[in-house]
Amino acid sequence: MTKTPTDFAALYTEALTDTTWTVPQNYDACFNWVYDTGRAGMMGLYQKGKEFQWDATTRIDWSQELDEENPQQLPEEMLPIAGMELYQKMPAKEKAACRKHFQAWQLSQFMQGEQGALICAAKIVTQVPDIDSKFYASTQVIDEARHVESYRLLLSKFGIAYRMTPPLQQLIDQTLRDSRWDMTYLGMQVVIEGLALAAFQTTRDYAQNPLAQQVNAYVMQDESRHVAFGRLALRDYYPQLTQKERDEREEFLIEACYLMRDRFEAREVWETLGLPVQECVDFQYSSPLMKTFRNGLFMRIVPIVKDIGLWGDKVRKGYEEMGVLEYANTDVEALQKNDDTIARELDARRAHVRKTMEAGIAAAE
Ligand SMILES: [Fe+2]
Ligand SMILES: [Fe+2]
């Protein structure tokens, strides 16, 4: 039975020790007395932010169900341990449990990360000096609340939730504690949202389950605006910094990328399922298929990093070592346009189904 969102705490695989997490802050709230309309690009984005608001409770038909055996109907190879003998020998029921738990873990990280984005967007509103950026970021705040809401509803259908994984929590903590306003953009808008976009894309493009497709496609439609926002703000700001200040940003950036690549493991899943944790993690890191998949997560980050001008030796060397340097030439705008098109197509499909059903009912009457 689907649990109602009110007993969400009961969905966690381990009992919560705390129901809240507080991160100390040390930054100034900044007012701006000049109410000029601001940069055209930023105001255009703000306009879009206002126009493209949507309601998760009406745009998505939440009566749609997930699959019992494979909730989002994802290809088997997307399960990190699918290639392990241990998994292949499992009875069908245990395999289904692995799929369900891994997908719930991944969605939990999406949902937890979205709350991180919600709080970071609010921090940007308060701290950023430019009024046009404050305007835009305020639309992002409501977007992120809607994303938390959407993933929460999807996750409730699983009946399982996982807490925020420690490496993600570490990166969000670092991002929030930093008192320099651009670091919130760098940690959240560039690294975490960049990774999330690539991960959402995989689910959107490979999941056969319509509900999972819709949630990811609609969230992505908003996220591409968020990435554009980070790009616009930082592209203007970084050339004004000294080389030393830019070097500090590059160091933070590349460390954050390594952290997310090397430590974003599904340890908690293997633990919960009683599987040999280290063996599963090692397999995930040595499997060529998983390596390709992990590298793909950087497809959306690398071109942005290049574009905002954090493209010194350290970053380039790091990305080369990680095997993701080639993504520098990705056409981000084309990807964003495609994100928008896919979301609109799903809307059109739903409208078509509704119309056909209404016509059917009318004909029967
Ligand atoms: Fe989001
Ligand atoms: Fe976002």
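In this predicted model, Leu-171, Gln-174 and Thr-175 of helix H6 are in contact with Met-183, Thr-184, Gly-187, Met-188 and Ile-192 of helix H7. The residues of this contact comprise 4 nonpolar, 4 polar and no charged. H6 spans residues 166-177, and its axis lies 7 Å from that of H7, at an angle of about 150°. Because angles over 145 degrees count as roughly antiparallel, H6 and H7 are assigned to that class. Their crossing is left-handed.

Helix H7 (residues 181-206) also packs against helix H9 (residues 243-263), the two axes crossing at roughly 30° and coming within 11 Å. H7 and H9 are therefore roughly parallel to each other, and the crossing is right-handed. On the H7 side, the contact is formed by Met-183, Leu-186, Gly-187, Val-191 and Leu-195; on the H9 side, by Arg-249, Phe-252, Leu-253, Ala-256, Cys-257 and Met-260. By class, these residues are 9 nonpolar, 1 polar and 1 charged.

| Helix pair | Axis separation | Angle | Handedness |
|---|---|---|---|
| H6 and H7 | 7 Å | about 150° | left-handed |
| H7 and H9 | within 11 Å | roughly 30° | right-handed |

The largest nonpolar core contains 85 residues, and Val-191, Leu-195, Leu-253 and Val-305 have the most contacts inside it. Leaving aside residues up to four places away in sequence, Leu-253 touches Leu-186, Val-191, Val-305, Leu-310 and Val-315. In soluble globular proteins, nonpolar side chains tend to be buried together.

Conventions: Residues numbered from 1 in each chain as written. Chains lettered and ligands numbered in written order. Predicted model: local features only at pLDDT ≥ 70, side-chain atom pairs only at ≥ 80, totals over all residues. Axes fitted to C-alpha atoms, helices over the stretch in contact; angles between N-to-C directions. Helix = DSSP H or I, 4+ residues; strand = E, 2+ residues; numbered from the N terminus. Parallel < 35°, antiparallel > 145°, perpendicular 65-115°, else oblique. Left-handed = near helix turned anticlockwise from the far one by under 90°. Contact = placed C-beta atoms within 7 Å. Nonpolar A, V, L, I, M, F, W, Y, C, P; charged D, E, K, R; others polar. Core = buried A, V, L, I, M, F, W, Y, C linked by C-beta atoms within 7 Å. Buried ≥ 20, exposed ≤ 12 C-beta atoms within 10 Å, placed from the backbone.
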